[in-house]
Amino acid sequence: MTLDTVTPRTNLLGLTREEMETFFVSLGEKKFRAAQVMKWIHHEGCDDFESMTNLSKALRTRLEELAEVRGPRVVYEGASQDGTRKWVLEVEDGSYVETVLIPAEGGKRRTLCVSSQVGCSLDCSFCSTGKQGFQRNLTSAEVIGQVWVASNSFGARRDTNRPVTNVVMMGMGEPLMNYNAVVPAMKLMLDDNGYGLSKRRVTLSTSGVVPMIDKLGDELDVSLAISLHAANDELRNELVPLNRKYNIATLLDSCRRYLDKCDDTRMLTIEYTLMKDVNDQQLHAQELATLLGDLPCKINLIPFNPFPHSGYEKPSRNQVMRFQHWLEELGHTAPVRMTRGDDIDAACGQLVGRVKDRTKRHERYIQSIQIDAD
Ligand code: SAH
Ligand code: SF4
């Protein structure tokens, strides 16, 4: 066979229900095949058509010729004593992304932190992903593939006891700069034939791509987390360069529009990474409390996770507590979660040195946030 006669097979892993239905209709099949195949893929973790026994032999043979179910390759899987699990995944062009599953509430809640891009173009001054530059967008199969891999590691038939109960789009990358892949992947997280998660348990975190927040609100009502980190434009311009394009007032207006479109009482999550002497003083707490006013939100205080040559420092534990106290006195809920042990990092770092720093940072980060328990 010469190269030009090879047509790539359709990867069914990243197709939404509508896309899957269109695919089966194009084969002259009934629409309900879509739900059947989705359940095999996402409920059973199945990637081989031969095992899909409720399809005819003829259809299975055809699917083998035309399609595939291809997830990211697991390069490293680690479990820590506190129940945290981590995967380093190799995606199409040999890049690595990491996915971390953090248990909480005695194992009742298991939150998966999912990446949307390899690198990031937005260059926030305190973020190691930003410092590494932008490599590429992940495909929808690579985004949902992270949930697929994490779920599969718990074995098949998991609709009664979900391995992943919550997803936060807080791994590498800016999800709203990869809208066309992230939205289909989130639809699969919500779909009953996919992962069946409630919209309150799927959270997209953004540094504030305002037009895309509006667009997202027209299509989905997942929970929204905003990486604010500063309550005045001068400081935020420095920390989050995207602020020069969409300033704080513009960003908060789009958040209000987003909340208005949700058909329930939804709170925003405001992420505020505390950096020593940069944004951790009483004045900053007052400014933040005034800015947020009566916006329905919860502030997540995140002690800065240091990385080499960042130029920033983590505030002391006492300073973090003081900051939290100032906010609470001003009427704002501001949980802080201090980081736990990270006994899987050493092993991971030895195995995949290239992603070590980022992996460590994201794991610490995800341990330090608190997303709607719902
Ligand atoms: N691009 C999106 C989502 C990925 S970053 C966003 O910016 O929201 C996830 C979170 O990690 C963001 O709130 C980001 O500001 C924060 N973050 C990045 N680097 C950090 C660091 N070194 N310490 C603490 N939080 C950090
Ligand atoms: Fe990108 Fe988010 Fe890092 Fe900023 S904080 S550089 S938007 S990944």
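This is a predicted model: local features need pLDDT of at least 70, side-chain atom pairs count only at pLDDT 80 or more; totals for chains, interfaces and linings use all residues.
## Surroundings of ligand 1

Ligand 1 is surrounded by 21 residues. The closest of these are Gly173, Ser205, Ser227, His229 and Asn305.

Several polar atoms of the protein lie beside ligand 1. A backbone N or O atom of Asn305 is 3.0 Å from a nitrogen atom of the ligand. Glu271 places a polar side-chain atom 3.0 Å from an oxygen atom of ligand 1, and a polar backbone atom of Thr206 is found 3.5 Å from an oxygen atom of the ligand. On its own, ligand 1 has 530 Å² of accessible area, and the protein covers 96% of it.

## Surroundings of ligand 2

The shell around ligand 2 consists of Cys120, Leu122, Asp123, Cys124, Cys127, Gly130, Gly173, Glu174 and Ser207. Sorted by class, this shell contains 4 nonpolar, 3 polar and 2 charged residues.

## The nonpolar core

The largest nonpolar core contains 102 residues. Within this core, the residues with the most contacts are Met186, Met189 and Leu216. The core lies between domain 1 (10-68) and domain 2 (73-368), because both domains give residues to it.

Leu216 illustrates these contacts. When residues up to four places away in sequence are not counted, Leu216 touches Leu176, Tyr179, Val183, Met186, Leu204, Val222, Leu224 and Tyr258. Met186, one of these partners of Leu216, is itself among the residues with the most contacts inside the core.

Key:
Residues are numbered from 1 along each chain as its sequence is written. Chains are lettered from A and ligands numbered from 1 in the order in which they are written. Side-chain values use heavy atoms; hydrogens and water are left out. A residue is near a molecule or strand if one of its heavy atoms lies within 4 Å of it. Ala, Val, Leu, Ile, Met, Phe, Trp, Tyr, Cys and Pro count as nonpolar, Asp, Glu, Lys and Arg as charged, and the others, Gly among them, as polar. A nonpolar core is a set of buried Ala, Val, Leu, Ile, Met, Phe, Trp, Tyr and Cys residues joined through side-chain atoms within 4.5 Å. Buried means under 20% relative accessible area, exposed over 50%, partly exposed in between (1.4 Å probe, protein chains only). Domain bounds come from an automatic or database domain assignment. Contact means heavy atoms within 4.5 Å. A polar contact is a pair of N or O atoms within 3.5 Å; within protein, one must be able to donate a hydrogen and the other to accept it, and residues adjacent in sequence count only if both atoms are side-chain atoms. Accessible areas come from the Shrake-Rupley method with a 1.4 Å probe; for residues, only the protein chains shown count as cover.
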